[in-house]
Amino acid sequence: MDPIDGVLELRDVRRTHGTGEAAVHALRGVSLTVRAGELVAVMGPSGSGKSTLLALAGGLDRPTSGEVVVEGEALVGLSARELARLRRRRIGYVFQDLNLLGSLTAVENVALPLELDGAGVRAARQSALDALREVDLEDLADRFPDQMSGGQQQRVAIARALVGERRLVLADEPTGALDSQTGEAVLHLLRRRVDAGAAGVLVTHEARHAGWADRVVFLRDGVMVDSTAPLIGVDHLLSGSLR
Amino acid sequence: MSIRHGLLALLERGQMYGYQLRAAFEESTGSTWPLNIGQVYTTLARLERDGLVRPLPENESGQRPYEITDAGRADLAMWFATPISRADRPRDELSIKLALALTTPGVDVRAVVQTQRTATMRALQEFTRLKYTSDKPEDLPWRLVLDAMIFQTEAEVRWLDHCETSLVRHRPAPIRAVDHPEAVDRAGDEARR
């Protein structure tokens, strides 16, 4: 595989919490490559290591050993400042807990990471409006979170994750407590961004959500036990056999 | 479901001949249920025998269209009004396979579960992709068929997850060999002696 192809690469990544007898091995040697235009779902029961994997992929946690590479850059070599910059610019996060700031409007929430990164207010607002348009929420740009439904708030959180030039989108149970139609709309947005060239990782225990992925990997006790064959390039075959 | 009710429902739209029925049947099931033309004609013959459809004169191309009768309409209405019984569905090979895996020496049941989960998940990905790409309003019947398959495969993955959780907690009882009938007979004979 061409190394430039992989937007995210985990190479034999291990993460251990604590030492000695009290040591908990959250991940025990996981390797995974996610390419541009590919959505990989990570499935596994609670405690299998899927959230740890996502935190390591996003530079929110550091591995005990092994390497995490984002767009060709090994995170281990980056200073805290460089890592923070990479997180603001290139990685989008969608978590179950939305973390929207109640005192900011939708567009201000979405523009925040860009402003923190030093973008001018006007440019940041324009990019934020573009991201809100991508999730069909342009009309509600000046509303505060408490003036929006749960599904709308989740879409704002997604717009914030997609704003700017992020090429890696990481989602942890992004449909949260949303009803199935709204949850499906959220996955649709994620899928669309990936189809437009981003790489995506979706952590979920819901099979129906994992169904949106090109590839599903299964974690058990910190080890990847199996993976489905990639779905890329089989559309014609599917429509031929089923339709 | 039976092909007969499928054909009756199609004839309720208007008269059709065999090849039209076959094409319409496959279209409305997203080709998940392929029919051969022989099945169509056999079914039409039975429907005619039971008075549920009536053949019309052949058209100029030599095709004989059929139309639904009042009795056919009543039968169709009854079918729509009656729930499908679970007992009418075929036995589930997967659940039987897992039950046997648990009681067969030397079988890694967790591996059986994972192999199935990967395959079922892959099917779920395919159905989801098809649904995602069938977004035109006229695709609605097909999307609903896909939804049914999506929910069924999802249920299977959930059931497999449940099996795995149960397996983790399970401490197997020693597997007993089934008593050989002759041995039972002999034991009985000895007891009687």
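Me: In β4(A), which residue is the bridge partner of A:L10?
Reply: The model is a predicted one. Strands β1(A) and β4(A) run antiparallel and are joined by five bridges. In β4(A), the partner of A:L10 is A:V68.

Me: How many bridges join strand β1 of chain A to β2(A)?
Reply: β1 (residues 6–17) and β2(A) run antiparallel. A:G6 stands opposite A:R35 of β2(A), and A:H17 has A:V24 as its bridge partner there. The hairpin of these two strands has six residues between them, and A:G18 takes a positive phi near 80°. The number of bridges joining β1 to β2(A) is nine.

Me: Which are the edge strands of the open sheet in chain A?
Reply: The four strands of this sheet pair antiparallel in the order β2-β1-β4-β5. An edge strand pairs on one side only. In chain A these are β2 (24–35) and β5 (73–74).

Me: What angle does the direction of helix α1 of chain A make with that of β1(A)?
Reply: Helix α1 (residues 50–57) packs on the sheet of chain A, where it touches β1, β2 and β4 (65–70). Its direction makes with that of β1(A) an angle of about 125°.

Me: Which element gives the largest share of the side of chain B that touches chain A?
Reply: In chain B, 20 residues are in contact with 18 residues of chain A. The elements of chain B that give two or more residues to this side are α6 (109–133) and α7 (140–169). The largest share, 13 residues, comes from α6(B).

Definitions and conventions. Residues are numbered from 1 along each chain as its sequence is written. Chains are lettered from A and ligands numbered from 1 in the order in which they are written. This is a predicted model: local features need pLDDT of at least 70, side-chain atom pairs count only at pLDDT 80 or more; totals for chains, interfaces and linings use all residues. Two residues are in contact if their C-beta atoms, placed from the backbone, lie within 7 Å. Two strands pair if DSSP finds at least two bridges between them. Axes are lines fitted to C-alpha atoms, for helices over the stretch in contact, and angles run from 0 to 180 degrees between N-to-C directions.
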